[in-house]
Amino acid sequence: MPLTGPRKTVAQTVGLVLLMGGLAWASVPFYDWFCRVTGFGGVTGVSDVAPDDVLDDTITVRFDGSLNNRMAWEFKPVEREMEVRIGETGLAFYEAYNPTDRPIAGSASYNVTPYQAGGFFNKIQCFCFEEQVLAPGERVQMPVTFYVDPEIVEDRDGKYIHTITLSYTFYEIDLPEDYAAAQDSATSSGTGLN
């Protein structure tokens, strides 16, 4: 029996709401996938290994670190810039310090500029792949291993890029459940965490 009148309008409205909800739900993973594949917005690639091809051409990589305005850590690159051969594996460190009297968990967002370089800048290992937890007074140096894909020299826009800036911003997040549970257990027993 075909729907007519108010029932048809209600069915169409419910269908439209479900369609819009589905599109909204799928948009975030789709956008994330799109950015990672294309390097759009300065999103970098991820690789297991560096390429075999290392060129004589070099590129300068600058490092930048910042904090969300509610993050209590201190955070900065150990070295502000380095020159690497294109295709060569580079290793840089960022330093984080928790000056507070409480443990703080953080997660880093990142990008590269110019945005066109995103598709050619690849990370092999990075502290940004995992949440970081610093105990009160803890200071750590966190590594990032990367390379610039040799295909950059053949790209219409990429071949004019001579400097890439890798930027991280740390945000405070909730402590992981296992860490929070261990801290609660230590606090209730009076031992505390070091």
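How many aromatic pairs does a search of the whole structure find? The search gives 12. Rings of Phe, Tyr and Trp (its six-membered ring) pair if their centres lie within 6.5 Å, with planes under 30 degrees apart counted as stacked, over 60 as edge-to-face and the rest as tilted.

Before selecting anything, note that this is a predicted model, in which local features need pLDDT of at least 70 and side-chain atom pairs count only at pLDDT 80 or more, while totals for chains, interfaces and linings use all residues. Residues are numbered from 1 along each chain as its sequence is written, and side-chain values use heavy atoms, with hydrogens and water left out.

**Stop 1: Phe 75 and Tyr 94**

Select Phe 75 and Tyr 94. Their ring centres are 5.3 Å apart and the planes meet at 15 degrees, so this pair is stacked. Phe 75 belongs to strand E3 (residues 74–77) and Tyr 94 to strand E5 (residues 90–97), 19 residues apart. Strands (E, at least two residues) and helices (H or I, at least four) are DSSP runs, numbered from the N terminus. Phe 75 is buried at 9% relative accessible area, and Tyr 94 is buried at 0%; buried means under 20%, exposed over 50%, and partly exposed in between (1.4 Å probe, protein chains only).

Tyr 94 is the bridge partner of Pro 77. Both strands belong to an open sheet of five, in the order E1-E7-E9-E5-E3, with mixed pairing. Strand E1 (45–46) and E3 are the edges, each with a single partner strand, so one side of each has no neighbour in the sheet.

**Stop 2: Tyr 110 and Tyr 168**

Next select Tyr 110 and Tyr 168. This aromatic pair is tilted, at 6.0 Å centre to centre and 55 degrees between the planes. Tyr 110 is in strand E6 (residues 104–113) and Tyr 168 in strand E10 (residues 163–173), so the pair ties together parts 58 residues apart in sequence. Tyr 110 is buried at 18% relative accessibility, and Tyr 168 is buried at 0%.

E6 and E10 pair in the antiparallel sense over nine bridges; in one of these, Asn 111 is partnered by Ser 167. E6 also runs antiparallel to strand E8 (residues 132–134), with three bridges, and Gly 106 stands opposite Gln 132 in E8.

**Stop 3: charges over rings**

Which charged end sits over the ring of Tyr 110? That of Lys 123 does, 3.1 Å from the ring centre. The criterion is NZ of Lys or CZ of Arg within 6 Å of the ring centre and within 35 degrees of the ring normal. Select Arg 139 for another case: its charged end sits over the ring of Tyr 97, 4.1 Å from the centre.

**Stop 4: a cis peptide bond**

Follow E6 to its end and select Thr 113 and Pro 114. The peptide bond joining Thr 113 and Pro 114 is cis, with omega about 0 degrees. Pro 114 lies in the loop between E6 and strand E7 (121–126).

**Stop 5: helix H1**

Finish at Leu 18, in helix H1 (residues 5–38). Leu 18 is exposed, with 61% relative accessible area.

Terms used. Pairing = 2+ DSSP bridges.
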